[in-house]
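Subject: Structure handover and notes

Dear colleague,

I am passing on the structure below, together with some notes on what was found in it. Please have the model open while you read.

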Amino acid sequence: MRIIIGVTGASGSIYGWRLLEKLRGIAEMEIHLILSRSGERTAFLEMGKTAADFKTLAHVAYPIEDIGCRVASGSFPTDGMVIAPCSIHTMSAIASGISNNLMVRAADVILKERRRLILMVRESPLHLGHLRSMTALAEMGAILAPPVPGFYHMPQSVGEIVDHSVERVMDLLGVPAPNAKRWDGVKK
């Protein structure tokens, strides 16, 4: 499987980091990383991680300006793309078809090729413009998966809360996490 992972400057870089860690543990997975400049900054502020740290979890990493690279073309086969976290700026640019950088161009290619695009949009509250962009993206075939955790699995740490959202995204990608805690009904 060949997946593109985008990490933007929205708060929540841990979602991109954990997704990369979990996908890297899957033998058949080929990971292509696009890390925005603001994503680099946020990751360092929130986790002390550098761009080099993120790149160690990917098989291939691209500069955000490289709109001529292979993930910018529909002729390069991929199985999907996840942007985690996805800023409102990036989400809105994708919804409008404004491909001014590789993150947005790669997402645009995923949509036009009818592949799976999953956006972990990190923003609250949302105004009408955000909701309209989300509606447009859903109509185009994107999956909007904000990191909204469930608590039925009785998380004991922030890491478990993060993993719950990341594992739901992995389900949406078609690569379920083997140790994901899943709802199994009410136990007496």
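The notes that follow begin with the sheet and then turn to single residues.

This is a predicted model, in which local features need pLDDT of at least 70 and side-chain atom pairs count only at pLDDT 80 or more, while totals for chains, interfaces and linings use all residues. Residues are numbered from 1 along each chain as its sequence is written, and side-chain values use heavy atoms, with hydrogens and water left out.

The sheet is open and has six strands in the order β3-β2-β1-β4-β5-β6, with parallel pairing. β3 and β6 (143–144) stand at its edges with a single partner strand each, so one side of each has no neighbour in the sheet. Helix α5 (residues 102–112) packs on this sheet, where it touches β1, β2 (30–35), β3, β4 and β5, and its direction makes about 140° with that of β4. Strand β1 (residues 2–7) and β4 run parallel and are joined by four bridges, and I5 stands opposite V82 in β4.

As to terms, helices (H or I, at least four residues) and strands (E, at least two) are DSSP runs numbered from the N terminus, and two strands pair if DSSP finds at least two bridges between them. Contact means heavy atoms within 4.5 Å. Axes are lines fitted to C-alpha atoms, for helices over the stretch in contact, and angles run from 0 to 180 degrees between N-to-C directions. Buried means under 20% relative accessible area, exposed over 50%, and partly exposed in between (1.4 Å probe, protein chains only).

In helix α6 (residues 128–140) we find S133, which is buried, with a relative accessible area of 13%. Beyond its neighbours within four places in sequence, S133 is in contact with M91, S92 and A95.

I67 lies in the loop between β3 (60–62) and β4 (80–86) and, at 48% relative accessibility, counts as partly exposed. Its C-alpha atom is separated by 8.7 Å from that of M103, although I67 and M103 are 36 residues apart along the chain. Setting aside neighbours within four places in sequence, I67 is in contact with A72, N101 and L102.

Helix α1 (residues 13–24) holds I14, which is partly exposed, with a relative accessible area of 30%. I14 and G159 are 145 residues apart in sequence, yet 8.9 Å apart in space, C-alpha to C-alpha. Apart from neighbours within four places in sequence, I14 is in contact with M47 and V162.

With kind regards
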